[in-house]
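Here is a structure to look over together.

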Amino acid sequence: MKLSSLKQGRDGRLVVVSRDLTRATDAFFIVPTLQQALDNWELVEPRLRDLAEQLELGSVPSFRFHEHDCASPLPRAYQWADGSAYVNHVELVRKARGAEMPDSFWTDPLMYQGGSDSFLCPRDPILAVDDAHGIDFEAEIAVITDGVPLSASRDEAATAIRLILLVNDVSLRNLIPAELAKGFGFFQSKPSSAFSPVAVTPDELGEAWDGERLHLPLLSSLNGHLFGKPDAGVDMTFDFPTLIAHAAKTRPLGAGTLIGSGTVSNRGGDGGPGKPVIEGGLGYSCIAEQRTVETITQGQPKTPFLRFGDTIRIEMKDKTGHSIFGAIEQEVANYRIGA
């Protein structure tokens, strides 16, 4: 089953989307918003699934589905916690800013609590005050959970996964070092994130989803050129049940909690840093990682961070080449001009 929220009000209008992302049908007579569906999942999920089957059969009214009409599936959420499950990425980015890598990072997940009150729409611009802030994209996978009890086990966490989607976790790299130096975590350096037009139930992914990881390449393109295609199921040190249980260690999680994987990152074939796509490698899911590899291999970074007018596209395709979640496609724009 594929679900989306069209732009309407603060929490969107829930629609069920066809598997090929061409058609949609309203779900308002079952439940008006995705958050309300998650709050009553056991009751409404069978009805939504039945509606999805009718949509595929053409037996319910439908309309053309346009990704530009979409808000993020949850336009705002009670909880957005982003992990850093691909420790290879953490190791490389920390090298870039001269920070040591504690051994505990391989056994205890990193996680930060992001702003969840105003997610970006998947096709709306990334508005920034100054492109000297070092604007970067971060292509990730995320899950949406049902309620998770305090101190949930990993098995309990696994059963709480309701939906899967993609994320662009925007970062302002040049603001991060000074902010982290204060010892209190990210805030100004992590503006609003964007999520894919469509969220899907785990069964929709078939064998690509093993209950813990999503085993498909995550595609990132910068200004129309492929930037990264790492496999999201490879080099993921901490799987989603582990991340969810980590988040619930000292607090319960409400229905509709978003848990992110962190930037998807693969090592090179020799176990070292990966190579750019143009050099035959899998590339990277953020610019910072490519800059780090450039520093390691060439002595200094060469790839600039995003500038006003640049466009980033993030997408995942199934083995037949069809888009699963729709695409996050965003231009970086000057907030002062657009305001």
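Predicted model: local features only at pLDDT ≥ 70, side-chain atom pairs only at ≥ 80, totals over all residues.

Residues are numbered from 1 along each chain as its sequence is written, and side-chain values use heavy atoms, with hydrogens and water left out.

Q: How many disulfides does a search of the whole structure find?
A: A disulfide here is a pair of cysteine sulfur atoms within 2.5 Å. For C70, the nearest cysteine sulfur belongs to C121 and is 8.7 Å away, so by that cut-off C70 is in no disulfide. Over the whole structure, the number of disulfides found is zero.

Q: Is C70 buried or exposed?
A: Buried means under 20% relative accessible area, exposed over 50%, and partly exposed in between (1.4 Å probe, protein chains only). C70 has 0% relative accessibility, and therefore it counts as buried.

Q: What is the angle between the planes of F119 and F195?
A: Rings of Phe, Tyr and Trp (its six-membered ring) pair if their centres lie within 6.5 Å; planes under 30 degrees apart are stacked, over 60 edge-to-face and the rest tilted. The structure holds six aromatic pairs. F119 and F195 form an edge-to-face pair, with 4.7 Å centre to centre and an angle between the planes of 70°.

Q: Which strand holds F195, the partner of F119?
A: Helices (H or I, at least four residues) and strands (E, at least two) are DSSP runs, numbered from the N terminus. F119 lies in the loop between β6 and β7, and the two partners are 76 residues apart. Both F119 and F195 are buried. The strand that holds F195 is β12.

Q: How far apart in sequence are the parts that F137 and F227 tie together?
A: F137 and F227 form an edge-to-face pair at 5.6 Å centre to centre, with 80° between the planes. Because F137 lies in the loop between β8 and β9 and F227 in strand β15, the parts tied together are separated by 90 residues.

Q: Which residue meets R19 in a salt bridge?
A: A salt bridge is a side-chain nitrogen of Lys or Arg within 4 Å of a carboxyl oxygen of Asp or Glu. By this rule the count comes to 23. The side chain of R19 has its partner at 2.8 Å, N to O, and that partner is E204.

Q: Where does R307, the partner of D131, lie?
A: D131 and R307 meet in a salt bridge at 3.4 Å, N to O. D131 is buried, with a relative accessible area of 16%, whereas R307 counts as partly exposed at 42%. D131 sits in the loop between β7 and β8, 176 residues from R307, which lies in the loop between α7 and β17.

Q: What is the reach of helix α7 from its first C-alpha to its last?
A: The expected span of a helix is 1.5 Å times one less than its number of residues. Helix α7 covers residues 287-298, 12 residues in all, and its span is close to the expected 16 Å. Among the buried residues of α7 are I287, A288 and V293. The reach from first to last C-alpha is 16 Å.

Q: Which residue just after α7 takes a positive phi?
A: The phi in question is about 90°, and the residue that takes it is G299.
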